[in-house]
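Please look over the structure below with its backbone geometry, overall fold and ligand surroundings in mind. The briefing that follows takes these topics in turn.

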Amino acid sequence: MKNIIKITVLGILGLFLQSCGNDGSSGSKSGAITSNAAERVYVAPGEHDEYYAFLSGGYSGNLTVYGLPSGRLLKEIPVFSQFPTNGYGYSEETVPMLNTSFGFVPWGDAHHPDISQTEGELDGRWIFINENNTPRIARISLETFETEEIIEIPHSAGNHSSSFITENTEYVVAGTRFSVPYPQEDMAIDQMKGNFKGPLTFIAIDDNGRMNIDFQLKMPGFNYDLSHPGRGDSHGWFFFTTYNTEEAHTMQEVNASQNDKDFIAAVNWKKIQEYVKNGGGEEIDAEYAHNVFDHSTQTATTTMEKKVLTVDPREVEGAVYFMPTPKSPHGCDVDPSGEYIVGNGKLSTDLTVHSFSKMLKAIENEDFDGDAYGIPVLNFDSTLAGTVKEGGLGPLHTEFDGKGNAYTTFFISSEVVKWKLGTWEVLDRQPSYYSVGHLMIPGGNSREPYGKYMISMNKITKDRYLPTGPELEHSAQLYDISGEKMELLLDFPTHGEPHYAAGIPAEKIKSKSKKIYRLDENKHEYAAISESETKMVREGNEVHVYMTTVRSHFSPDNLEGIKVGDKVFFHVTNLEQDFDVPHGFAMIGANTSELLIMPGQTKTITWEPKKEGVWPFYCTDFCSALHQEMQGYVRVSGK
Ligand code: CUK
Ligand code: CUA
């Protein structure tokens, strides 16, 4: 019977993929666009957008910043990948940000950004984002729009259920999408079942945003996919979807989807926090990098941590329960009230909604259907709040508008469906172009959503833009959701592969955004904060050049006494104190980096001259009418 259902779903999947067509020529290209759409997304020259939208860059490893409703790209913030535009991950100051226990990792895979909250509302202090491949979490300041901290998650693989945060920014979590030996060891792969684990990591965040791993929950070796914190009454709980509860070690469909239902794990983190505070848990060896960017020295440093506290969930009474959820649930979304937990069973047409209050009652009544590795499994009907029937095909993610409605993406049937919390009736549906993954409503995973706009982030682009060869940017679509029906207003290309996004009213950030690094606060070890401090210092083979830039010259601009075989450090301080006057620094043949230095900043590259001669350097950022004159020479002599 199970197999028949599965074949049906897969059959329909095939049909839908076919109907998309390889040339994307099927059906209407535009869907229902409202007649005055242009007017409603138009942001006049010199005017600002109403919302910031932060879109994950997926396989780009970074985070992009867009304005809504215009869909204009405002910035790309480098996080987990080197970024040539400003030298992140290349300059000596920022290279440590990409250090891990595996060494320097130049390119990451970023999935889910989440903005810090206070009492369940977006507070605009920081945005967190996860790296899936080499498990890490980053914190980005929304004052400087720079990555300030990256912490690696030890004993983990595929940090996917991240980086969601609790409603007072107490914790950010990290899951383990690929179960692994815990701790890692050499073991036969087919011995996985029962032996691999899926640790869930709770990272505490202090008042300055600083992250520290509080504890790791040693969970059974399922695949932990997505998560969301409780809010309101369910604050203190965290919910994680699982799949492959069969613990199959090869991922053929037949293996991984035998179970009709997988689980949503409900974790009472307050109980575990208490347990740990009272000395519970066991400290085990771990190796993980903790990278912090210090704004006063403008320099990042890496600390290698050595221990992590692990907790066996079975030893904390009432800490973890499993709620059976059909069809390999992907998204795990909690409504603004905290009462409803939506499991998006990606091989299903229906959506399963659990009730938090019913869950508490079921726990009290011990309404269990056995256990999984000693963790109680709650009876399915005892927690079920309702089912959204015939929502679509292949549900992935759900967001909320704060007006009692939910919006779910359906990847296979390629649409966004609006439905009502409590009655579970479908209210509206709009096709997406094509095959939508995540969607985002600003504040849509907080207690206070701003239910005016929704963007869908689509996985397949095909014919939406002018062709650009085989490789296309992905596509987002902006909807006005203030009325009864969703109204499609705009398509805009996105960068990399946005998975989730986070949006916030511009007013909550704009006023706090920093304009300049003050020279008098520059504590960089090699800063020259006036031209009188510039110098060249030789230490054996190493030459440190303390250099300054100001419109429109370098100081010093002629360097002699450098030899083939030297290692030259150019420490360049930008003396400007005007907003938005960066200078660049490019040295012929430099094979480590160029620089872009913001006013008040010091940045460093190294250069190892290979050839005798007189070699020029220049400024790469058009900074004044005399920009073309902004240049200098280095004389390189034989050994
Ligand atoms: S996952 Cu990408 S569509 Cu990484 Cu949030 Cu669901
Ligand atoms: Cu400085 Cu161009």
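Tyrosine 434 sits in the loop between strand S28 (426-431) and strand S29, where strands are DSSP runs of E with at least two residues and helices are runs of H or I with at least four, both numbered from the N terminus. A cis peptide bond, with omega at about -15 degrees, links tyrosine 433 to tyrosine 434. This is a predicted model, in which local features need pLDDT of at least 70 and side-chain atom pairs count only at pLDDT 80 or more, while totals for chains, interfaces and linings use all residues. Residues are numbered from 1 along each chain as its sequence is written, and chains are lettered from A and ligands numbered from 1 in the order in which they are written.

**Backbone geometry**
- Most residues other than glycine have a negative phi, and most peptide bonds are trans.
- A cis peptide bond also joins serine 555 and proline 556, with omega about -10 degrees, and proline 556 belongs to the loop between strand S36 (553-555) and strand S37 (558-563).
- Glutamate 390, in the loop between strand S24 (384-388) and strand S25, has a positive phi near 50 degrees, and it counts as exposed because it has 11 C-beta neighbours inside 10 Å (exposed means 12 or fewer other C-beta atoms within 10 Å, buried 20 or more, partly exposed in between, with C-beta atoms placed from the backbone).
- Lysine 462, in the loop between strand S30 (453-458) and strand S31 (475-480), likewise has a positive phi of about 50 degrees, but lysine 462 is buried, with 20 other C-beta atoms within 10 Å.

**Overall fold**
- The protein has seven helices and 43 strands, and its radius of gyration of 26 Å is close to the 26 Å that the globule rule gives for 639 residues, so it is as compact as a globular protein of that length (the radius is taken over C-alpha atoms, and the rule is 2.2 Å times the number of residues to the power 0.38).
- The C-alpha trace spans about 80 × 65 × 45 Å along its principal axes, and 51% of the 639 residues count as buried.

**Ligand surroundings**
- The residues around ligand 1 include His111, His112, His160, His330, His397, His438 and His499, where a residue is near if its C-beta atom, placed from the backbone, lies within 6 Å.
- Strand S6 (110-118), strand S25 (395-400) and strand S29 (436-440) are the elements that each give two or more residues to this shell.
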